[in-house]
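Thank you all for coming.

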Amino acid sequence: MTTSPRARSVAAAVLACLLGAVVLAGCGEEPPDPDAGTNGVAKLTPKKIEAKTRSAASGAEAVRLAGTVISKGKKYRMDMRLTEDGGVGEMTLRGHTFELLRIGEQLYLKADESFYLDGEAGEDSTSEKAARKLAGKYVKVSSDDPAYRRFSGFTRKDVLLGDLFVLDGRLAVGKRGTVNGTKTVELAADGGHGGALAVSLQGKPYPLRYERADDAGVLTLSDWNEPFTLKAPEEKQVLDYGEEITGAS
């Protein structure tokens, strides 16, 4: 059986179209740019990413930090909102949750009785009597009290954000990911062993997650530049106990 020249011509044309479609599908278009629609930070060198992230963080008026921090053998769980004028939030230490509030240089601490009695014994002890008076109140902590020096740093934006940039070791751009739905790129020191930051690829390059070196805690950062009001507690809820908090805590 022979095929007419016209039929062979039509078949050749169809085959050419099919082959053309395959070629176009395989190499006719470039792959999508992974940085399309981002702030372009991922294309920068590690040092430039660090500089831009530091600048964005220091320029923000407010931020929220939540997570865990291990310092001097103690594990703190924190959820703090910070601004240039102070900070407010909750912390947990040795199973005790307490509130911190700082407005300007005035620090308040609010906790239950067990917080002040941690490590103390004796129903008639001075510590227990003090603890009952302090429990549930906002204790106005003197600036020369050891408790002030111990806790005020957790309410200071510059102190906590400064700790974020302790990246010990050679910096490298790591994997991409997401933090709470926001695209990020990782900035890692010493392969992550010296700390790592997940930097936002959307909007300003704020740090959104910080893994401290040596598995010393993980913090998430959110609510960047979202203003909030620090409100002093009612006078009837405040106790000015000065140095007595030291003996009770």
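Let me begin with a definition: helices (H or I, at least four residues) and strands (E, at least two) are DSSP runs, numbered from the N terminus. What we have here is a predicted model, in which local features need pLDDT of at least 70 and side-chain atom pairs count only at pLDDT 80 or more, while totals for chains, interfaces and linings use all residues. Residues are numbered from 1 along each chain as its sequence is written, and side-chain values use heavy atoms, with hydrogens and water left out.

First, the overall picture. The secondary structure comes to seven helices and 12 strands. Of the 249 residues in the protein, 37% are buried, where buried means under 20% relative accessible area, exposed means over 50%, and partly exposed is in between (1.4 Å probe, protein chains only). The accessible surface, calculated by the Shrake-Rupley method with a 1.4 Å probe, where for residues only the protein chains shown count as cover, comes to about 14,500 Å², and 51% of it belongs to carbon and sulfur atoms. If we take contacts, meaning heavy atoms within 4.5 Å, and keep those with a separation of 6 or more, then residues 24 or more positions apart account for 53% of them.

Let me turn to charge. Side chains of opposite charge can pair when their charged atoms come close. A salt bridge here is a side-chain nitrogen of Lys or Arg within 4 Å of a carboxyl oxygen of Asp or Glu. How many salt bridges does this rule give? The count comes to nine.

One of them joins Asp 79 to Arg 64, with the closest N and O atoms 2.8 Å apart. Because Asp 79 lies in strand β2 (residues 74-83) and Arg 64 in strand β1 (residues 62-71), this pair ties together parts that are 15 residues apart in sequence. Asp 79 counts as partly exposed at 29% relative accessibility, and Arg 64 is partly exposed at 30%.

Another salt bridge brings together the side chains of Lys 157 and Glu 84, at 3.0 Å from N to O. This pair links distant parts of the chain, 73 residues apart, with Lys 157 in helix α6 (residues 157-164) and Glu 84 in the loop between β2 and β3 (86-93). Lys 157 is buried, with a relative accessible area of 6%, whereas Glu 84 is exposed, at 51%. Glu 234 and Lys 236 also meet in a salt bridge, at 3.8 Å from N to O, and both of these residues are exposed.

What about a charge without such a partner? Glu 186, in strand β8, is buried yet has no salt bridge, and the nearest side chain of opposite charge, Lys 175, is 5.1 Å away. Leaving aside neighbours within four places in sequence, Glu 186 is in contact with several residues, including Val 173, Lys 175 and Leu 197. Val 173 is itself found in strand β7 (residues 171-179) and counts as partly exposed at 34% relative accessibility.

Now please look at the surface, where Asp 168, Asp 190, Asp 214 and Asp 215 gather in a patch of negative charge. Patches are made of residues with over 30% relative accessible area and no salt bridge, with like charges joined within 9 Å and nonpolar side chains (Val, Leu, Ile, Met, Phe, Trp, Tyr) within 5 Å; the place of a charge is taken as NZ of Lys, CZ of Arg, CG of Asp or CD of Glu. Asp 215 lies in the loop between β10 (207-211) and β11 (218-222), and at 73% relative accessibility Asp 215 counts as exposed. Asp 190 sits in the loop between β8 (182-189) and β9 (196-200) and is partly exposed, at 45%.

Asp 190 brings me to my last topic, the backbone. Most residues other than glycine have a negative phi. Asp 190, although not a glycine, has a positive phi of about 55 degrees. Asp 223 has a positive phi as well, near 55 degrees, and is found in the loop between β11 and β12 (238-239), where Asp 223 counts as partly exposed at 23% relative accessibility.

How values were computed. Lys and Arg count as positive and Asp and Glu as negative; His and the chain ends are not counted.
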